[in-house]
Amino acid sequence: MNTTELIKKHETLIEILEAIKTFEMLKKSAKENIEGFCGTFPELRRKYHHKNDIYGRCITRLEERYLNLIKQI
């Protein structure tokens with residue numbers, strides 16, 4: 001593996017980590033919304049629980065992709 005390929009893989013790893021960070025912030029925001037005003041609006045509560053679940057799944061998939069790419073290096 002040459003240095004150019006290694007650089008590209010490391011850049012991809014950084015992008016994956018940035019995406020994980022973004023989804024963690026979105027998940028935190030959804031959790032705050034659930035704890036906030038959603039008590040009076042049950043439909044919004046369900047919506048934010050669903051979003052929180054989706055963000056968690058995205059984080060899991062990105063972490064798996066990250067680990068697989070690290071194994072290749």
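**Salt bridges and helix packing in a predicted model**

Asp-53 forms a salt bridge with Arg-57, and the closest N and O atoms are 3.0 Å apart. The model described here is predicted. Both partners belong to helix α2, where they stand 4 residues apart. Asp-53 and Arg-57 are therefore separated by about one helical turn. Asp-53 is partly exposed, with a relative accessible area of 37%. Arg-57 is also partly exposed, and its relative accessible area is 49%. The cut-off for exposed is over 50%, so Arg-57, at 49%, stays in the partly exposed class.

The structure holds 2 salt bridges. Another salt bridge links Glu-43 with Arg-46. Here the closest N and O atoms lie 2.8 Å apart. Glu-43 and Arg-46 are 3 residues apart in helix α2, so about one helical turn separates them. Glu-43 is exposed, with a relative accessible area of 54%. Arg-46 is exposed as well, at 51%.

The packing of the helices comes next. Helix α1 covers residues 3-35. Helix α2 covers residues 42-72. The two pack at an angle of about 160°, and their axes are 9 Å apart. Angles over 145 degrees count as roughly antiparallel. That makes α1 roughly antiparallel to α2. The crossing of α1 past α2 is left-handed. The residues of this contact divide into 17 nonpolar, 6 polar and 7 charged.

Phe-23 lies in helix α1, while Tyr-55 lies in helix α2. The pair therefore ties together parts that are 32 residues apart in sequence. Phe-23 is partly exposed, with a relative accessible area of 23%. Tyr-55 counts as buried, at 16% relative accessibility.

Distances along the chain and in space were then set side by side. Leu-6 lies in helix α1. Leu-6 counts as partly exposed, at 28% relative accessibility. Leu-6 and Ile-73 are 67 residues apart in sequence. In space, their C-alpha atoms are 7.3 Å apart.

Asn-52 has its place in helix α2. At 17% relative accessibility, Asn-52 counts as buried. Asn-52 and Lys-31 are 21 residues apart along the chain. A distance of 6.9 Å separates the C-alpha atoms of Asn-52 and Lys-31.

Arg-61 is found in helix α2. Arg-61 counts as exposed, at 57% relative accessibility. Arg-61 and Glu-5 are 56 residues apart in sequence. From C-alpha to C-alpha, Arg-61 and Glu-5 are 23 Å apart in space.

Technical notes
Residues are numbered from 1 along each chain as its sequence is written. This is a predicted model: local features need pLDDT of at least 70, side-chain atom pairs count only at pLDDT 80 or more; totals for chains, interfaces and linings use all residues. Side-chain values use heavy atoms; hydrogens and water are left out. Axes are lines fitted to C-alpha atoms, for helices over the stretch in contact, and angles run from 0 to 180 degrees between N-to-C directions. Angles under 35 degrees count as roughly parallel, over 145 as roughly antiparallel, 65 to 115 as roughly perpendicular and the rest as oblique. A crossing is left-handed if the near helix is turned anticlockwise from the far one by less than a right angle, and right-handed if clockwise. Ala, Val, Leu, Ile, Met, Phe, Trp, Tyr, Cys and Pro count as nonpolar, Asp, Glu, Lys and Arg as charged, and the others, Gly among them, as polar. A salt bridge is a side-chain nitrogen of Lys or Arg within 4 Å of a carboxyl oxygen of Asp or Glu. Buried means under 20% relative accessible area, exposed over 50%, partly exposed in between (1.4 Å probe, protein chains only).
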